[in-house]
Amino acid sequence: MKHTIQREFGRVILKPLTENESENMRIARNKNSIWFGYSGQINKEQQKEWYKNYISKETEYMFSIFHKQTNNWIGAVGIYDLNSSNFGYVGEFGRVILKPLTENESENMRIARNKN
């Protein structure tokens with residue numbers, strides 16, 4: 001679902017996942033494909049189809065994760081199957097994809113952390 005929810009938590013910012021950022025998900029997922037139920041490689045067209053399908057679902061919220069100080073995209077996470085219940089809204093948390101950091105990105109995050 002396209003949404004406008006954005007939140008900051010500690011050293012990260014969650015923003016709505018864009019189609020361009022979903023390509024980052026595909027690359028990170030393909031690098032770690034052995035950890036997924038489907039371990040094949042996903043191509044760009046398959047990822048675009050996944051994104052199109054995702055935004056059509058009203059019970060799914062995907063977020064990009066950015067490092068607050070460097071504004072680097074570091075991953076994505078989702079809340080899905082969101083439904084109203086007697087306890088408020090209930091859903092599942094998952095679809096976590098974290099991008100492996102390059103040495104340079106890791107060093108930039110270390111420097112930013114030490115400035116605080």
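A salt bridge is a side-chain nitrogen of Lys or Arg within 4 Å of a carboxyl oxygen of Asp or Glu. By this rule the count comes to 4 salt bridges. The model is predicted, so local features need pLDDT of at least 70 and side-chain atom pairs count only at pLDDT 80 or more, while totals for chains, interfaces and linings use all residues. Residues are numbered from 1 along each chain as its sequence is written, and side-chain values use heavy atoms, with hydrogens and water left out.

**The chain as a whole**

- The protein chain has 3 helices and 5 strands; helices (H or I, at least four residues) and strands (E, at least two) are DSSP runs, numbered from the N terminus.
- Along the sequence, these elements follow the pattern β-β-α-α-β-β-β-α.
- Taken along the principal axes, the C-alpha atoms of the protein chain fill a box of roughly 45 × 35 × 25 Å.
- The protein chain has 116 residues, of which 32% count as buried; buried means under 20% relative accessible area, exposed means over 50%, and partly exposed lies in between (1.4 Å probe, protein chains only).
- Of the contacts in the protein chain with a separation of 6 or more, 48% come from residues 24 or more positions apart, where contact means heavy atoms within 4.5 Å.

**Salt bridges**

- Side chains of opposite charge can pair when their charged atoms come close.
- Glutamate 23 forms a salt bridge with arginine 26, and their closest N and O atoms are 2.6 Å apart.
- Glutamate 23 and arginine 26 are separated by about one helical turn, because they lie 3 residues apart in helix H1.
- Both glutamate 23 and arginine 26 are buried.
- Lysine 57 forms a salt bridge with glutamate 60, with 3.5 Å between the closest N and O atoms.
- Lysine 57 counts as partly exposed because its relative accessibility is 32%, whereas glutamate 60 is buried, with a relative accessible area of 5%.
- Glutamate 60 also meets arginine 95 in a salt bridge between side chains (2.8 Å, N to O).
- This pair links distant parts of the chain, 35 residues apart: glutamate 60 is in the loop between H2 and strand S3 (61-67), and arginine 95 is in strand S5 (residues 88-98).

**Packing of H1 and H2**

- Two packed helices are described by the angle between their axes and the distance between the axes.
- Helix H1 (residues 19-31) and helix H2 (residues 44-55) pack at an angle of about 125°, and their axes are 10 Å apart.
- Axes are lines fitted to C-alpha atoms, for helices over the stretch in contact, and angles run from 0 to 180 degrees between N-to-C directions.
- H1 and H2 are therefore oblique to each other; angles under 35 degrees count as roughly parallel, over 145 as roughly antiparallel, 65 to 115 as roughly perpendicular and the rest as oblique.
- H1 contributes Glu19, Ser22, Glu23, Met25 and Arg26 to the contact, and H2 contributes Lys44, Gln47, Lys48, Trp50 and Tyr51.
- The residues of this contact divide into 3 nonpolar, 2 polar and 5 charged; Ala, Val, Leu, Ile, Met, Phe, Trp, Tyr, Cys and Pro count as nonpolar, Asp, Glu, Lys and Arg as charged, and the others, Gly among them, as polar.

**Positive phi values**

- Most residues other than glycine have a negative phi.
- Aspartate 81 has a positive phi, near 55°, and its place is in strand S4 (residues 73-85).
- Aspartate 81 is partly exposed, with a relative accessible area of 37%.
- Apart from its neighbours within four places in sequence, aspartate 81 is in contact with Thr59, Glu60, Val90, Gly91 and Glu92.
- Between aspartate 81 and tyrosine 51 there are 16 Å in space, C-alpha to C-alpha, and the two are 30 residues apart in sequence.
- Arginine 95, found in strand S5, has a positive phi near 55°.
- At 32% relative accessibility, arginine 95 counts as partly exposed.
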